[in-house]
Amino acid sequence: MRVLAVLLVVLVLGSCGGAPPLRTAAPVGELVLPTTVPNGKVEVIVKSTYTVGESIRATVRLIPAIGSLRGPLDPYIQASGFHGTATVKHLSVDPISVSAGAGEAVVLWDMHDDSGKVVGSDDYSLVFNVIDDSGRTTSVGATLQVR
């Protein structure tokens, strides 16, 4: 009888282990951040996080539903804090014009500010404009997490 009781305890304890832990999805490598514009959509593709010192690469995809889109225009990096927002770096990008389908432009930032100083860990914003063939300008932004 004692052996039966021990066996019963072992079975009960073995069943209390439950199911194996749930696996979560792998961290997201790239984020697609859509913005609706009057005649279509703009997508900014960025990594979920960047490492301090790593050059940042973002892809801007222009997708007009009708007419055309031109951008990214006047791109810059800004930082936000307790004292408001400040422009960190003005970027140089050759804008593209798209009138059918989709087109992509690459925006690069070397993690330096306008004075050439390396910036540190923070959340930054890539900000630029797109303009449609009716002359409507839309400001687009995407957060860049640098850790």
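Q: How many aromatic pairs does a search of the whole structure find?

A: In this predicted model, the search finds one aromatic pair.

Q: How is a pair of aromatic rings described?

A: In general, two values are used: the distance of the centres and the angle of the planes. Here, the ring centres of W109 and Y124 lie 5.2 Å apart and the ring planes meet at 70°. Planes over 60 degrees apart count as edge-to-face, so the pair of W109 and Y124 is edge-to-face.

Q: Which parts of the chain does the pair link?

A: The pair links distant parts of the chain, with W109 in strand 7 and Y124 in strand 8, 15 residues apart.

Q: Are W109 and Y124 buried or exposed?

A: Both W109 and Y124 are buried.

Q: Turning to the backbone, what is phi of M111, and where is M111 found?

A: M111 is not a glycine, yet its phi is positive, at about 65°. M111 sits in the loop between strand 7 (103–109) and strand 8 (122–132).

Q: Is M111 buried or exposed?

A: Residues under 20% relative accessible area count as buried. M111 has a relative accessible area of 0%, so M111 is buried.

Q: What is phi of D74, and in which strand does D74 lie?

A: D74, a residue other than glycine, has a positive phi near 50°. D74 lies in strand 4.

Q: Is D74 buried or exposed?

A: The cut-off for exposed is over 50%. With a relative accessible area of 60%, D74 is therefore exposed.

Q: Which peptide bond is cis?

A: The bond from G71 to P72 is cis, with omega near -10°. P72 lies in strand 4, which spans residues 69–81.

Methods:
Residues numbered from 1 in each chain as written. Predicted model: local features only at pLDDT ≥ 70, side-chain atom pairs only at ≥ 80, totals over all residues. Heavy atoms only, no water. Helix = DSSP H or I, 4+ residues; strand = E, 2+ residues; numbered from the N terminus. Buried < 20%, exposed > 50% of the residue type's maximum accessible area, 1.4 Å probe, protein only. Phe/Tyr/Trp six-rings, centres within 6.5 Å; stacked < 30°, edge-to-face > 60°.
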